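I opened the file to take notes on the fold, the helix contacts and the relation between the chains. The entries follow in the order of looking.

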Protein chains: 2
Amino acid sequence: MSSMSIRLAYTAAGAGLPGVKVGPRARIVAVARDLFYRHGIRAVGVDTIAAAAATNKMTLYRHFPSKDLLIAECLREFALECEADWEQISAGHAQDPDGQLRAWVGYVSDLMIKEADRGCALANAAIELPDKDHPARRVIEEFKTAQREQLVIWCRDARYIEPDQLADELFLLLEGARVSIQSVGINGPGARLSRMMQTIIYHNGRL
Amino acid sequence: MSSMSIRLAYTAAGAGLPGVKVGPRARIVAVARDLFYRHGIRAVGVDTIAAAAATNKMTLYRHFPSKDLLIAECLREFALECEADWEQISAGHAQDPDGQLRAWVGYVSDLMIKEADRGCALANAAIELPDKDHPARRVIEEFKTAQREQLVIWCRDARYIEPDQLADELFLLLEGARVSIQSVGINGPGARLSRMMQTIIYHNGRL
DNA sequence: TTTATATGTTACAGATCGGTAACATTGAGA
DNA sequence: TCTCAATGTTACCGATCTGTAACATATAAA
């Protein structure tokens, strides 16, 4: 198997403001999130995580009963941060549903650059963990479902003619862009995501 | 780690017509494709593959220098089969580009049911193998790029106003549907893929 | 029948996997 | 200063991983 030799290029430093003590648990989750995302969940072992978090395997297992539950916790933290972003979009354009939707288009377009070439951590995890009983799957399903519902609400509030279908189209375009970046590369169709979404929104029409 | 115990539920039988001898190499690839697809590439070991193919690890390594190259071969076979399907769509609607495009929509809609809940094997592999030097990545990138170009050709031949953008939209919708099935489930937005594609094609307009 | 090639069998190497036991060390609050 | 909880350290378990060596067997062509 391609060994690739991940190995720690960074220590616990860099996480958190200077002077603020960051406990091992927080470091473990931060490091695990990064390594899981960059290299894949199954490609990263607990030894690597503990070492990269400047702690040890024993402390890791004192905070997380198993690697699977650590995975779930990483995805839960990621999902909470995403939800906070979406709420910020909502709050930043209160009483302006169409502005919310358009702000969201800008937000996800920036994601294409920020995520570079590894797409959505939750979608990737769903592919890497097909076992329906895995504790991470609850997090994934609940979060993705909530995202889609939020999109429907925005489309409906903005009085688009077919809000459910428009929301589904935008949802699938986003998911497709994030996954296709990893197969056709950064200059693939995902690069034109913003224009596509605007076109589709315009074509849908308002009441 | 969630052990899940894959284990062989089937032997070499069932592959090929009766009376036709299927060599170990073909059995290995067939079995590996199935196991990789259902459980994930990293989740399946070579011992499991050899046993499920009713052969042994030594024979496997006589035909494939490494697991990574076996992975690449599995994806190559899959890609060739997909290309054959697309060519059949082309041939079945010669001199009728719009018919080709609409036949393709029907074809990918059926894929949503056939693939059940594991999406595209190539896209999944890209997520599981982020290493850019992995031999499988060439296969993935070339195939996905060729698919997108074929879509552009169909859209252009059918004289749609913006063939490149329409092709990209269809491409991303398909990729998004296949990946979202694995996160939001079979009844998510992917279930309405056909209607969405028809709507978008209609909205694009013809010359 | 002889010969050469493909395949099967067994055992093993070296590494890594997830996970744990036993014990030492640190550090902050009382 | 004492105490106690969190953390660090080391060593280990059994299983699994990719990959190989050596040898036995089958099989088809000559």
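**Symmetry**

I looked for the residue of chain B that comes closest to the rotation axis and found G176(B), with its C-alpha at 1.8 Å. The model is a predicted one, and I keep that in mind for every entry below.

I then checked how the copies superpose. Chain B can be laid on chain A by a turn of 180 degrees and a shift of 0.0 Å along the axis, with an RMSD of 0.0 Å. The two copies are therefore related as by a two-fold rotation axis. I also compared the contact residues: 100% of those of chain B recur in chain A, so the same surface serves both copies.

**Chain A overall**

I counted 9 helices and 0 strands in chain A. Along the sequence the pattern reads α-α-α-α-α-α-α-α-α. Taken along the principal axes, the C-alpha atoms of chain A fill a box of roughly 60 × 40 × 35 Å. Chain A has 207 residues, and 54% of them count as buried. I looked at contacts in chain A between residues at least 6 apart in sequence, and 68% of these join residues at least 24 apart.

**α4 against α5 in chain A**

Two packed helices are described by the angle between their axes and the distance between the axes. I looked up both values for helix α4 (residues 67-92) and helix α5 (residues 97-114) of chain A: the angle is about 140 degrees, and the axes are 9 Å apart. Because angles count as roughly antiparallel over 145 degrees, α4(A) is oblique to α5(A). The crossing of α4(A) past α5(A) is right-handed.

I listed the residues that make the contact. From α4(A) they are D85(A), W86(A), I89(A) and S90(A); from α5(A) they are Q100(A), A103(A), W104(A) and Y107(A). Sorted by class, the residues of this contact give 5 nonpolar, 2 polar and 1 charged.

**W86(A)**

Is W86(A) buried or exposed? Its relative accessible area is 7%, so W86(A) is buried. I left aside its neighbours within four places in sequence and found W86(A) in contact with W104(A), Y107(A), Q147(A), Q150(A), L151(A) and W154(A). I also took a distance from W86(A) to G188(A): the two are 102 residues apart in sequence and 26 Å apart in space, C-alpha to C-alpha.

**α8 of chain A against α7 of chain B**

I next looked at a helix pair between the chains. Helix α8 (residues 163-184) of chain A packs with helix α7 (residues 135-157) of chain B at an angle of about 120 degrees, and their axes are 8 Å apart. That angle makes α8(A) oblique to α7(B).

Which residues meet in α8(A) and α7(B)? I found Q182(A), S183(A) and V184(A) on the α8(A) side, and R137(B), I140(B), E141(B), K144(B) and T145(B) on the α7(B) side. By class, I get 2 nonpolar, 3 polar and 3 charged residues in the contact of α8(A) with α7(B).

**G45(A)**

My last entry is on a loop residue. G45(A) lies in the loop between α1 (24-39) and α2 (46-52) of chain A. With a relative accessible area of 32%, G45(A) is partly exposed. I took its C-alpha distance to A32(A), 13 residues apart along the chain, and got 9.5 Å.

Key:
Residues are numbered from 1 along each chain as its sequence is written. Chains are lettered from A and ligands numbered from 1 in the order in which they are written. This is a predicted model: local features need pLDDT of at least 70, side-chain atom pairs count only at pLDDT 80 or more; totals for chains, interfaces and linings use all residues. Side-chain values use heavy atoms; hydrogens and water are left out. Axes are lines fitted to C-alpha atoms, for helices over the stretch in contact, and angles run from 0 to 180 degrees between N-to-C directions. Helices (H or I, at least four residues) and strands (E, at least two) are DSSP runs, numbered from the N terminus. Angles under 35 degrees count as roughly parallel, over 145 as roughly antiparallel, 65 to 115 as roughly perpendicular and the rest as oblique. A crossing is left-handed if the near helix is turned anticlockwise from the far one by less than a right angle, and right-handed if clockwise. Contact means heavy atoms within 4.5 Å. Ala, Val, Leu, Ile, Met, Phe, Trp, Tyr, Cys and Pro count as nonpolar, Asp, Glu, Lys and Arg as charged, and the others, Gly among them, as polar. Copies are superposed by least squares on the C-alpha atoms of residues with pLDDT of at least 70 in both. Buried means under 20% relative accessible area, exposed over 50%, partly exposed in between (1.4 Å probe, protein chains only).
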